[in-house]
Amino acid sequence: QQLELQAERKNTEYWRQLQTATADLSHTQLGAEYGNINSVFNDTRFFISQSFALPVVYRRQRNFYRAGEQAALARVGLKQLELHKEVKLVFYNLVDIMERQKMLYRLDTIYSRFMNAAALRLKTGEANVLEKSTAEAQVFQLKLQQGDIEADIRRGQRQLQWLLNTADTILPEYSDALNNLSPVADSTAGLRVHPAVKFQMEQVNISGAQAEVERSKLSPEFTLGYSNMSIRGYQTKDGINQQFYD
């Protein structure tokens, strides 16, 4: 999950970088010619040209990239919220397991004393074998439950390692959390700024910006260029006299 969040942040940087080069120009055209054009002499020609779109095209393209950045930012916020939610679920699940572990430890202490007392009573003849066997069975059952609890704790720790992308083994420190529990307010006022709602709104904005970009492709383009050509041979200025131009 942490890696997915980092990927979403990189996607935001991608859209931000696109805004620095919104003039997506076509390829510059270069050309040259050599051969007979006007006479038996070989003539030359070279040219260079570049096409441009209207300024509104580049402005709409920039707006599209900005909308993409805002959508990516909203996606980051949504991923953060999802990550926080999953971490909280694992956190409080571990808290529940660790509290049950404490209870099992207390029960283990009680039943261990009971088992020792039953063994002593059996030696003195004050109890029978059934009482001692029952106590041993209870202690054995508690040991099994403690093993299951420890396995659940390790599983929760691995979930936290995966969610947070860390190799550290984490256990929750929850004494303050239990003391500061408060009821969640049932209000819809925060729905407008909820990351999921913001993400959907940004998706609408980016779709509108993309439609404007596609519509601007119907706009005409302009081409600026320079051309230089030589024409060698005899030419006439007055229609009678011939003059050789080299």
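Biologist: Let's start with Tyr174: is this residue buried or exposed?

Modeller: Happy to, and bear in mind that this is a predicted model. Tyr174 sits in the loop between H3 and helix H4 (175–179). The cut-off for buried is under 20% relative accessible area. Tyr174 has a relative accessible area of 7%, so this residue counts as buried.

Biologist: Nice. Which residues is Tyr174 in contact with, leaving aside its neighbours within four places in sequence?

Modeller: One of them is Phe91, which is 83 residues away along the chain, with 8.8 Å between the two C-alpha atoms.

Biologist: Lys102 makes me think of Gln146. What distance separates the C-alpha atoms of Gln146 and Lys102?

Modeller: Gln146 has its place in helix H3, and its 11% relative accessibility is why it counts as buried. Along the chain, Gln146 and Lys102 are 44 residues apart. Their C-alpha atoms are separated by 9.6 Å.

Biologist: And which residues does Gln146 touch, not counting those up to four places away in sequence?

Modeller: Gln146 belongs to helix H3. Once residues up to four places away are set aside, it touches Leu104, Tyr105 and Asp108.

Biologist: Now the largest nonpolar core. Which element gives the largest share of its residues?

Modeller: This core has 15 residues, and Val90, Leu94, Ile149 and Ile153 touch the most other members. The elements giving two or more residues to the core are H2 and helix H3 (129–164). The largest share, 8 residues, comes from H2.

Biologist: What does Leu94 contact, leaving aside neighbours within four places in sequence?

Modeller: Leu94 is among the core members that touch the most others. One of its contacts is Ile153, which is also in that group.

Biologist: Over to Glu69, a charged residue. Where is Glu69 found, and which residues does it contact beyond four places in sequence?

Modeller: Glu69 is found in helix H2. Its relative accessible area is 11%, so Glu69 is buried. Leaving aside neighbours within four places, its contacts are Thr12, Trp15, Arg16 and Gln19.

Biologist: Good. Which residues lie closest to the centre of the largest pocket?

Modeller: That pocket has a volume of about 270 Å³. Strand E2 (42–53), helix H2 (55–124) and helix H5 (195–216) each supply at least two residues of its lining. By class, the lining has 7 nonpolar, 6 polar and 3 charged residues. Of the 16 lining residues, the closest to the centre are Asp24, Ala53, Val57, Tyr58 and Glu221.

Biologist: Near the end of my list are the strands E4 and E5. Which residue in their hairpin takes a positive phi?

Modeller: Strand E4 (residues 233–236) and strand E5 (residues 242–245) pair in the antiparallel sense over 4 bridges. Within that pairing, Gln235 stands opposite Gln243 in E5. The hairpin has 5 residues between the strands, and the one with a positive phi, near 85°, is Gly239.

Biologist: To finish, what pattern does the protein chain follow along the sequence?

Modeller: The chain comes to 5 helices and 5 strands. Of its 246 residues, 25% are buried. Among contacts between residues at least 6 apart in sequence, 72% join residues at least 24 apart. Read along the sequence, the pattern is α-β-β-α-α-α-α-β-β-β.

Notes. Residues numbered from 1 in each chain as written. Predicted model: local features only at pLDDT ≥ 70, side-chain atom pairs only at ≥ 80, totals over all residues. Heavy atoms only, no water. 1 Å grid on protein atoms, 1.4 Å probe; cavity = no way out; pocket = protein on both sides within 12 Å on 5 of 7 lines; lining within 4 Å. Points joined across faces, edges and corners; volume = space filled by probe spheres on them. Pairing = 2+ DSSP bridges. Core = buried A, V, L, I, M, F, W, Y, C linked by side-chain atoms within 4.5 Å. Buried < 20%, exposed > 50% of the residue type's maximum accessible area, 1.4 Å probe, protein only. Contact = heavy atoms within 4.5 Å.
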